[in-house]
Amino acid sequence: MTRTLMMSAALAMSLTSAAAADEVSDLLTSAQEAYAAGDIQFALDDLDMARAKLLEQKTASLGAYLPEAPEGWTREVNTEMGQGLAMMGGGVGAEATYRGDDRSVKITLMADNPMVASMSAMIANAGAMGMKTERIGRQRFATQDGQMMALVGNRILVQAEGDTEVARTLLDKVDFGAMASFGQ
């Protein structure tokens with residue numbers, strides 16, 4: 001075998017093993033094989049499992065936008081956020097509660113959820129609804145009674161509840177420009 005042919009074979013084997021290690025690809029292949037064999041229910045089950053794995057990945061990538069806790073504070077990430085969103089029409093979400101100095105803040109991120117669309121009109125018309133508006137970086141927030149809300153990229157709702165001074169400090173660390181293209 002020539003050196004080029006051996007290198008091509010090694011590359012093909014490494015690509016095959018990398019694809020085999022990907023659960024989503026495995027589930028999609030299995031679903032396709034089940035469909036070809038006429039086992040529609042098994043194909044549907046594998047497609048549902050592949051979708052759930054993809055949503056887990058998307059949720060984890062949204063959670064990456066949650067800021068780290070300030071020094072001396074703790075950050076507790078809500079790992080059950082996705083289950084709650086399933087009951088509210090779907091989408092993905094991430095949430096963390098920050099505690100320190102006898103104060104706390106909860107930051108929630110929700111994307112691609114029907115509730116986000118319904119909140120957009122309220123955020124856009126915050127002044128008319130008696131809410132104050134402010135900017136954190138280049139992002140506009142509606143604030144009222146210890147709550148802050150923003151709509152990023154017309155599809156991601158950012159909410160902060162609790163100590164607004166701390167919330168501003170935390171939200172100032174978020175890259176809203178990058179968040180706007182989340183999942184695309």
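**Reading the model**

Author: Lys106 has a relative accessible area of 29%, so Lys106 is partly exposed. Keep in mind that this is a predicted model.

Reader: Why does Lys106 count as partly exposed?

Author: Buried means under 20% relative accessible area, exposed means over 50%, and partly exposed lies in between. Lys106 is partly exposed because its relative accessible area is 29%.

Reader: With which residue does Lys106 form a salt bridge?

Author: A salt bridge needs a side-chain nitrogen of Lys or Arg within 4 Å of a carboxyl oxygen of Asp or Glu. Lys106 forms one with Glu161, and their closest N and O atoms are 4.0 Å apart. Lys106 belongs to strand E3 and Glu161 to strand E7 (residues 156-162), so the pair ties together parts that are 55 residues apart in sequence. Glu161 is also partly exposed, at 31% relative accessible area.

Reader: How many salt bridges does a search of the whole structure find?

Author: The search finds 8. One of them pairs Glu23 with Lys53, with 3.4 Å between the closest N and O atoms. This pair links distant parts of the chain, since Glu23 is in helix H2 and Lys53 is in helix H3, 30 residues apart. Glu23 is partly exposed at 49% relative accessibility, and Lys53 is partly exposed with a relative accessible area of 25%.

Reader: Which residue meets Glu68 in a salt bridge?

Author: The side chain of Arg75 does, at 3.8 Å from N to O. Here the two partners fall into separate classes: Glu68 counts as exposed at 56% relative accessibility, whereas Arg75 is partly exposed at 31%.

Reader: Let us step back to the whole chain. How many helices and strands does the protein chain have?

Author: The protein chain has 7 helices and 7 strands. To see how they are arranged, read along the sequence: the pattern is α-α-α-β-α-β-β-α-β-β-β-β-α-α. Burial can be read for the chain too, and 33% of its 184 residues count as buried. The chain exposes about 11100 Å², of which carbon and sulfur atoms supply 53%.

Reader: What share of the contacts with a separation of 6 or more comes from residues 24 or more positions apart?

Author: Such residues account for 51% of those contacts in the protein chain.

Reader: Is Thr108 buried or exposed?

Author: Thr108 is buried, because its relative accessible area is 6%. Thr108 lies in strand E3 (residues 103-111). Its side chain is joined to the side chain of Glu95 by a polar contact of 2.9 Å.

Reader: How do I read burial along a helix? Which residues of helix H6 are buried?

Author: List the buried residues, then look down the axis. In helix H6 (residues 164-171) they are Val166, Ala167, Leu170 and Leu171. Seen down the axis of H6, these buried residues fall within an arc of 130°, so they line one face of the helix.

Reader: Which residue caps the N-terminal end of H6?

Author: Asp163 is the cap, with a side-chain oxygen 3.1 Å from the backbone nitrogen of Glu165.

Reader: Which residues form a nonpolar patch on the surface?

Author: The patch consists of Leu28, Tyr35, Ile40, Leu44 and Leu47, which together have about 490 Å² of accessible area. Helix H2 (23-36) and helix H3 (40-63) are the elements that give two or more residues to the patch. The largest share, 3 residues, comes from H3. Take Leu44, which is placed in helix H3: Leu44 counts as partly exposed because its relative accessibility is 41%.

Reader: One more. Which residues does Ala180 touch, leaving out those up to four places away in sequence?

Author: Ala180 touches Val152, Gly153 and Arg155. Ala180 is found in helix H7 (residues 176-180) and counts as partly exposed at 27% relative accessibility. The C-alpha atoms of Ala180 and Leu151 are separated by 9.3 Å, while the two residues are 29 residues apart along the chain.

Note on methods
Residues are numbered from 1 along each chain as its sequence is written. This is a predicted model: local features need pLDDT of at least 70, side-chain atom pairs count only at pLDDT 80 or more; totals for chains, interfaces and linings use all residues. Side-chain values use heavy atoms; hydrogens and water are left out. Patches are made of residues with over 30% relative accessible area and no salt bridge: like charges are joined within 9 Å, nonpolar side chains (Val, Leu, Ile, Met, Phe, Trp, Tyr) within 5 Å. Accessible areas come from the Shrake-Rupley method with a 1.4 Å probe; for residues, only the protein chains shown count as cover. Helices (H or I, at least four residues) and strands (E, at least two) are DSSP runs, numbered from the N terminus. Buried means under 20% relative accessible area, exposed over 50%, partly exposed in between (1.4 Å probe, protein chains only). Contact means heavy atoms within 4.5 Å. A polar contact is a pair of N or O atoms within 3.5 Å; within protein, one must be able to donate a hydrogen and the other to accept it, and residues adjacent in sequence count only if both atoms are side-chain atoms. The arc is that of the directions from the helix axis to the C-beta atoms.
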